[in-house]
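Let's read a structure together, one feature at a time.

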Amino acid sequence: MSRTTFIARLLTAALFAIATFAGVDSLDAKPKKKWKSEYASKFGVMAPGPGGKYRVYAETTYIYRNTDQEYVHGFEVSRKDQQRFMGYFEIRFPEPIKITPDLEKAYTVMEGGRFIRSNSEIHWEVYSSPFWFSPDDPLGQYELTIYIDGEVYRTVNYDVVPFESGLTF
C-alpha cells in the first residue's frame, strides 16, 4: 500500500470516527427535513375548538377581508407524538399595516409595518394562531412563514380579497 493511500484511508477513518462520536449520521452538509413528517399543518378559515383553541375547519389560501370578529383565519400545526415544541411565525404584508400600541405589544414590527414576527413560545400538541382583520388592512398577497424549533417549517402565500357582503359562513 502506498503512503498516499495509507494517509487517505487514515484520514477517512478519522473523519468517520469524529462524525460518529459527534452523533452525525453522515457528512452530508444538506439539512435534513425528516422532522417535518412529525407534524401536520393546516391554513385557512378557523373556529374555536375544544378548550377555546382555534382550529382550521376549511383549508384555503383565498381569504376575505371581513372585519366581523366571527370571521377568523390562520393556521394550526400539530405534533403527531403530542410532545412540546417551540414555535413562532412571521407575516409579510403587501403594503405596510397601521402600527398600533397593541400591535407593537403583541409582535415585533419591522420594515415600517410591512413585516411582523410573533414571540417564540412553547406549545404542547397543537400550535394555532387566529387572525382578524382591521378595516384598513391591505388587500393583496400575504406571506406567512411558520418556524418550528427555530427552523422554517412551512411558508404559506395567501391572497386577501375584498369581502362581498352577500357571503355567509
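Q: Which element gives the most to the lining of the second largest pocket?
A: That is strand β9, with 3 residues. A strand here is a DSSP run of E with at least two residues, a helix is a run of H or I with at least four, and both are numbered from the N terminus. A pocket is an open set of points on a 1 Å grid over the protein atoms alone, with protein on both sides within 12 Å along at least five of seven lines, where a 1.4 Å probe fits; lining residues have an atom within 4 Å of a point.

Q: Before we go on, what kind of model is this?
A: It is a predicted model, where local features need pLDDT of at least 70, side-chain atom pairs count only at pLDDT 80 or more, and totals for chains, interfaces and linings use all residues. Residues are numbered from 1 along each chain as its sequence is written, and side-chain values use heavy atoms, leaving out hydrogens and water.

Q: Which residues lie nearest the centre of the largest pocket?
A: Leu-103, Tyr-107, Trp-132, Ser-134 and Asp-137 do, out of 20 lining residues. Helix α2 (101-106) and strand β9 (126-131) each give two or more residues to this lining, and α2 gives the most, with 3.

Q: How do β1 and β2 pair?
A: Strands pair if DSSP finds at least two bridges between them. Here β1 (residues 39-48) and β2 (residues 54-59) are antiparallel, over 5 bridges. Ala-47 stands opposite Arg-55 in β2. The two strands form a hairpin with 5 residues between them, and Gly-51 in the turn has a positive phi of about 70°.
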